[in-house]
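Please read it alongside the sequence and the model.

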Amino acid sequence: MPAGQPGPGTEQPEFLSLERELTVLLRRARASQGEMAREVHPDLESAAYGLLIRLDECGRQRATELAAYIGVGKATMSRQLRALEDLGLVAREPDPADGRAWLVHLTEEGRRRVGKVRNARRARYARRLSGWDPREVSELARLLNQLNQEMEG
């Protein structure tokens, strides 16, 4: 089937609703990511926020691992990491497993700033979803995880 041509079932109401709701969610997420990036640091690029979250969750990473996770090339990753270093949010250290490679990690200042923003974001979610049953919140998280896993494949 040629690219851009509808596949079987794409005109079904559930897929039309899914497309509409994901479009709204992604638009809001992009706007929110920019706000959160500025909360971490006024000069932080929106796109670099995801790098900080990844480092906060996974610890030290090679730049190549970060580039693959985010889906950008080495040049873009190098530029973003230099900017984050200049802001004092990340630092590099030699990889003990490979002297030619470097590991990137959050600085203490980076960890403090990212933690503050992430805590505030979770508090906003808790306020906005306070009328939801906790099982519904868990189910939403499970379904979003399942969707994310499918999108990676």
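A crossing is called right-handed if the near helix is turned clockwise from the far one by less than a right angle, and left-handed if anticlockwise. The model is a predicted one, in which local features need pLDDT of at least 70 and side-chain atom pairs count only at pLDDT 80 or more, while totals for chains, interfaces and linings use all residues. Residues are numbered from 1 along each chain as its sequence is written, and side-chain values use heavy atoms, with hydrogens and water left out.

**Helix packing.** Helices (DSSP runs of H or I, at least four residues) and strands (E, at least two) are numbered from the N terminus. The axes of α1 and α5, lines fitted to C-alpha atoms over the stretch in contact, come within 9 Å and cross at roughly 140°, with angles running from 0 to 180 degrees between N-to-C directions. The crossing of α1 and α5 is right-handed. Met36, Glu39 and Val40 of α1 meet Arg113, Val114, Val117, Arg121 and Arg124 of α5, contact meaning heavy atoms within 4.5 Å.

**Sheet.** Three strands form an open sheet in the order β1-β3-β2 with antiparallel pairing, where pairing requires at least two DSSP bridges between two strands. Because β1 and β2 stand at the edges with a single partner strand each, one side of each is left without a neighbour in the sheet.

| Strand | Residues |
|---|---|
| β1 | 61-62 |
| β2 | 90-95 |
| β3 | 98-106 |

β1 and β3 pair over two bridges, and Gln61 stands opposite Val104 in β3. Helix α2 (residues 49-58) packs on this sheet and touches β1, β2 and β3, its direction making about 100° with that of β3.
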